[in-house]
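Have a look at the structure, then read on.

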Amino acid sequence: MYEPRIIGYLCTWCSYTGADTAGIARLKYPANLRAMRVPCSGRVSPELIMRTFDQGADGVLVLACHIGECHYDSGNHRTAKRLPVLQTLMAFTGLEPERLRLDWVSASEGERFARIVNEFTEAVRALGPCHWRQKENWVRYLDLQTKTIEILPSEVGG
Amino acid sequence: MSYTYEIQTKARSLLESKQVDCVIGYEIGPRGRTRPAFIYQPEEVERLVWNQACTHNLTIYLKEQLDPQQSGRLKTKEQTPRHAAVVVKACDSRAVNVLLAENHFGREQLHVIGVVCDGIHEGAGEVGNQRSVRQFPAADPPQFQARCQRCIERVPVVFDTFIGERPSNQKSGMYENVLDDLDCLQAMTPTERTDFWLSQFDRCIRCYACRQACPMCSCPTCLYERDDSLWVGMGIGLNEKRTFHLGRAFHLAGRCIGCDECERVCPMDIPISLLNRRLIQEVETVFGYRAGMAQVPPPFVTVLSDR
Amino acid sequence: MKMTAPEGLAVWLDRLAQEVNLIAPREIDGVLLYRPVRNSGEIVWEFTRPLLSIKEAFFPATERLLTIEKIGQQIKLTETLPKGEQVIFGVRPCDARGIKMLEALFTDTEPSDPYFTQRRENTTLIGLACRTMGATCFCTSLGGAPDDPGDMDVMLYEVENGFVIQVMTEKGQALLSRFSLETDDISENESEFRASYLCEQAERIVIPEMNAWAVKFDDPYWEQVSERCLSCRICAYVCPTCRCFDVRDEDLLSGNGHNQSERIRCWDSCAREAYRRIAGGHNPRQAKGQRLRNRFLCKFDYYPRQSALGTAACTGCGRCIDACPVNIDITEVMQHIVEVSQ
């Protein structure tokens, strides 16, 4: 059964705290979300998002402070401008734009947080597994034969 | 008076009066190919030419000529030329503005020889029949490069010396495509687009010529070439190549001037300028900002204006 | 020597494509490359040379060397050697000569590289002689020839009504025994035929001898010619003999809970700025001139000194001349060295 893997980039000062608020109020939201705390949504760069999709995420959710409320003054301004353009670029190369979402959650908006995560998870579930990442085993001309050559006891603690 | 003669004359006077240490222009090599030239002595200005094969964007050499910190050259830092002249077309001149806005060097270090270019021929900079023509749908095989056909400015937007005549029908405005390639891609389904791009990136050998040919790509260590594979693996595989190209296109959003040199130098004829042009369209539409028209920071580094 | 008709050859190639991995010149989106073909119809017959050499089939752009798995306290290493047979059709003599040069290092020098060697053993080369030399070709100046069969397993020469076939090695003979091809004898013997197989040959250029390069180590010429260099990697990647690579361990994303990574190697080039940067940040080839000089010395000085072949690591294919975006020309560099050596 396909369960979407959602990675969320939550900024420390607003949306991550908003997630905490949701937790305290015992609001339910899907466990598909893996929260990653960043200092500010402005830190979320295109290479970070693309690395996330490259590693198999089905959806990426970036939650930032409302405009005017950024702890660092204007970090979320940058995000507001950059992420839609990144979405355009990735859509241009075949990623459904619904898989990348930017939204605004403040520290007290627990309900809003839960609602957005719910919506996004369902939207990504409806889209099915993400086919962005290609399986690569470097074979171009010849097949690979494998031969196990050693099993070594590790000296480093496991 | 031909442009060649004017460029040579100006170069000679700049070098003789020691206003500049180096003139970066074009010359013709023994096989008849036009290529970049670096002139340091007044006696050598006869090498300089101007023709419709002057496709290279010479502003890529400005950083290493003018910035002693960048000087990874055999000369010592003291010997690094601090003043240079460069021959630019309209598109290249916009790159000068972007580089100045980003403080790569000072305006006083540069003498811009701006040329009113009549268009550069398709196939310029290439030897001959070794390359094949791109298969992308185009109305007619254009004689001029696509970027010349959609050129709006026609005359350099920044210059110290102006060579040529201003055309009477000078336009201004925003990016307009001449081929229907962007529309073709927009009309495809996401799956078709994925397949298209994967088949293009399959040919890519990560030679980085596209990045090296871009004046704006000048990070000391490219994010996608880190020794610790932080953002992208080292391998020449589909995921890595796609991430590199997309990431590079994004880093150029609002800075790319659409000279298409990245596409010209690609040995595999990958139409990567599609990515850059799509973002030029997007940035111009959303922010009303055309790169390189003035020495101002691009939209992504500024805060939202009051709306 | 024997001859075969074009139709017979096409049918033979179709059969080959079914049984083994047949690699031949193919046009992919307008670019000519050696790639696997499914039938003879996909093969391009009229060409100077494909953009990349057949080096790819022996030394791929990226290759997995082994996988490393951590299972509890144990570490399991799994070697991934290539297997499977490949036949490369339409090989130009310059490309085959390039493989010979790579062999001298990868296989004949201890310790030998099992990946390259395995692929070389599993590959049969079917050459196709050139009818004319390209504008940038100079194989004849380096001891090669457009119709040189020396490094092939089977050599084909296109003539008016078909192809003349010359079997060069046992491996080639084995292939023709396994997959029979209808042939007729030809009247000339080998030397008569080779003499009559006219191919317009380009004028020879003078190649500087091995000792001429190092004495010009401090020549300011290197800095001058490298000023327009972009420090991309095109020249090294298209070259049939360039062979530098980088090795790195990278994580594999596996779902089975084991901590897996793979050791991969991929193409690298001395032209890139960070190539010789070492721990601590020192870079003895920081300047473009130093890197360009290294490229030429490696080909014409270091390789002949270190390899048993003793020849320069250049086949005269001319790919670097065509592919360089700023027209840095190996023949111009050689001409300069010849001039200053007099």
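A nonpolar core here means a set of buried Ala, Val, Leu, Ile, Met, Phe, Trp, Tyr and Cys residues joined through C-beta atoms within 7 Å. Keep in mind that this is a predicted model. With that in hand, the largest nonpolar core comes to 205 residues.

**The cores**
- Which residues touch the most other members of the largest core? They are L89(A), I24(B), V86(B), A209(B) and I88(C).
- Another core, of five residues, lies apart from it, and C222(B), Y224(B), W231(B) and V232(B) are among its members.
- Leaving out residues up to four places away in sequence, V86(B) touches I24(B), L58(B), T59(B), L62(B), L110(B), V112(B) and I113(B).

**Chain B overall**
- You'll find ten helices and five strands in chain B.
- Of its 307 residues, 48% are buried.
- Take the contacts in chain B with a separation of 6 or more: 73% of them are between residues 24 or more positions apart.

**Where chain B meets chain A**
- On this interface, 29 residues of chain B are in contact with 26 residues of chain A.
- Helix 6 (190-203), helix 8 (238-251) and helix 10 (273-287) of chain B are the elements that each give two or more residues to the chain B side.
- Helix 8 of chain B gives the most to that side, with eight residues.
- Sorted by class, the chain B side has 18 nonpolar, seven polar and four charged residues.

Methods
Residues numbered from 1 in each chain as written. Chains lettered and ligands numbered in written order. Predicted model: local features only at pLDDT ≥ 70, side-chain atom pairs only at ≥ 80, totals over all residues. Buried ≥ 20, exposed ≤ 12 C-beta atoms within 10 Å, placed from the backbone. Contact = placed C-beta atoms within 7 Å. Helix = DSSP H or I, 4+ residues; strand = E, 2+ residues; numbered from the N terminus. Nonpolar A, V, L, I, M, F, W, Y, C, P; charged D, E, K, R; others polar.
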